[in-house]
Amino acid sequence: MNSSQKASYHAGEARGQTQEKANQMMDKARDTVQSAQQSVQETGQQMKAKAQGAADAVNDTFGANS
């Protein structure tokens, strides 16, 4: 293999490694976003339940649920 072929081979090898690293970073970012979305959804459900509980307590206090 001459030096030009070696350089081309190493460039291709570096490109492949860079592409794999980019794919790994994208997978990690995708996982992070998915986790954040799930966390926000769970927080929203908790807030909704608390708000409903507060509304029920107010209605119970004023006899609106009788």
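Which residue caps the N-terminal end of H1? In this predicted model, in which local features require pLDDT of at least 70 and side-chain atom pairs count only at pLDDT 80 or more, whereas totals for chains, interfaces and linings use all residues, the cap is provided by Asn2, a side-chain oxygen of which lies 3.0 Å from the backbone nitrogen of Ser4. Residues are numbered from 1 along each chain as its sequence is written, and side-chain values use heavy atoms, with hydrogens and water left out.

The secondary structure of the protein comes to one helix and zero strands, where helices (H or I, at least four residues) and strands (E, at least two) are DSSP runs numbered from the N terminus. The radius of gyration, taken over C-alpha atoms, is 28 Å, well over the 11 Å that the globule rule gives for 66 residues, so the protein is more spread out than a compact globule; the rule itself is 2.2 Å times the number of residues to the power 0.38. Along its principal axes the C-alpha trace spans about 90 × 10 × 5 Å. Helix H1, formed by residues 3-61, has 59 residues and reaches 86 Å from its first C-alpha to its last, close to the expected 87 Å, a span defined as 1.5 Å times one less than the number of residues.

Within helix H1, Asp27 and Arg30 lie three residues apart, about one turn of the helix, and Asp27 forms a salt bridge with Arg30 in which the closest N and O atoms are 2.9 Å apart. A search of the whole structure finds one salt bridge, the criterion being a side-chain nitrogen of Lys or Arg within 4 Å of a carboxyl oxygen of Asp or Glu.

Of the 66 residues, 0% count as buried, with buried meaning under 20% relative accessible area, exposed over 50% and partly exposed in between (1.4 Å probe, protein chains only). Asp27 is partly exposed at 41%, as is Gly63 at 35%.

Definitions and conventions
A polar contact is a pair of N or O atoms within 3.5 Å; within protein, one must be able to donate a hydrogen and the other to accept it, and residues adjacent in sequence count only if both atoms are side-chain atoms.
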